[in-house]
Amino acid sequence: MDLMEAMRARHSVRSYTSRPIEGETLEALEKLIGECNRESGLHIQLVRNEPMAFDSAMAHYGKFLGVKNYIVLVGKKSRALDEACGYYGEKLVLAAQALGLNTCWVGLTFKKIPGAFRVDADEKLVLVIAIGYGATQGAARRSKTASDVSRAENPPEWFTRGVEAALLAPTAVNQQKFFFTLHDDKVSVRTGLGPFSKVDLGIAKYHFELGSGKGQTAWM
């Protein structure tokens with residue numbers, strides 16, 4: 001499964017089996033986390049075999065079951081932190097899907113467990129990603145249309161592909177508040193207000209880059 005296939009196949013999963021993440025799958029995931037940290041300056045960490053964070057009233061309210069593994073998105077406090085966590089977190093999410101794992105972005109319905117991961121004095125925990133082997137593969141959600149989230153006159157095929165990929169991006173409460181605009185051969189993107197909107201922006205930008213084939217050269 002390549003990343004575009006993973007993008008189409010991936011859905012949020014809240015219930016997991018007891019199968020551990022190990023072997024070549026674990027090695028590949030840890031390698032990519034290291035690469036993301038080096039590239040971004042973030043302090044992303046994989047927590048394994050730790051069931052307490054999702055064994056709380058909040059987690060049960062969020063209908064999480066069997067979560068024992070999660071990725072912690074941590075970085076130095078800055079205005080760019082949330083977007084970076086969204087961008088690199090989704091990079092890990094799609095890679096995990098390609099490896100046969102399932103995931104779910106989690107903003108609030110988890111408990112911080114002392115000693116499970118590290119947040120330095122100048123850092124902030126933004127959110128986590130539940131990860132493991134899902135009891136199901138999740139289900140597709142409703143989506144806006146390309147005209148709802150973009151504007152372009154006679155858009156080239158790469159722009160259309162990028163917007164369609166962005167519409168597959170997970171967003172908080174399924175808001176999809178991002179908006180892409182084409183200016184000659186470059187793209188600008190903005191997001192509305194709302195919880196984790198900057199995280200959503202980073203996720204959508206990563207999807208757009210993959211779908212368009214332009215990578216980071218797409219942006220103004």
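Colleague: How do the residues lining the largest pocket divide by class?
Modeller: The lining of the largest pocket has 18 nonpolar, eight polar and five charged residues. Here Ala, Val, Leu, Ile, Met, Phe, Trp, Tyr, Cys and Pro count as nonpolar, Asp, Glu, Lys and Arg as charged, and the others, Gly among them, as polar. This is a predicted model, in which local features need pLDDT of at least 70 and side-chain atom pairs count only at pLDDT 80 or more, while totals for chains, interfaces and linings use all residues. Residues are numbered from 1 along each chain as its sequence is written, and side-chain values use heavy atoms, without hydrogens and water.

Colleague: What volume does that pocket have?
Modeller: The largest pocket has a volume of about 800 Å³, taken as the space filled by probe spheres set on grid points joined across faces, edges and corners. Lining it are 31 residues, of which Ser 12, Arg 14, Thr 171, Ala 172 and Val 173 are the closest to its centre. On a 1 Å grid over the protein atoms alone, a pocket is an open set of points with protein on both sides within 12 Å along at least five of seven lines, a cavity is a set where a 1.4 Å probe fits but cannot get out, and lining residues have an atom within 4 Å of a point.

Colleague: Turning to the helices, at what angle do H6 and H7 pack?
Modeller: Helix H6 (residues 157-166) packs on H7 at an angle of about 140 degrees, with the axes 7 Å apart. Axes are lines fitted to C-alpha atoms over the stretch in contact, and angles run from 0 to 180 degrees between N-to-C directions. H6 and H7 are therefore oblique to each other; angles under 35 degrees count as roughly parallel, over 145 as roughly antiparallel, 65 to 115 as roughly perpendicular and the rest as oblique.

Colleague: Which residues of H6 and H7 meet there?
Modeller: Among them, Trp 158, Phe 159 and Arg 161 of H6 meet residues of H7 that include Ala 204, His 207 and Phe 208. Contact means heavy atoms within 4.5 Å. The contact of H6 with H7 comprises seven nonpolar, four polar and one charged residues.

Colleague: How do H2 and H4 lie to each other?
Modeller: The axes of helix H2 (residues 23-40) and H4 come within 10 Å and cross at roughly 160 degrees, so the two are roughly antiparallel. Leu 32, Ile 33, Cys 36, Glu 39 and Ser 40 in H2 meet Tyr 88, Lys 91, Leu 92 and Ala 95 in H4. That contact has six nonpolar, one polar and two charged residues.

Key:
Helices (H or I, at least four residues) and strands (E, at least two) are DSSP runs, numbered from the N terminus.
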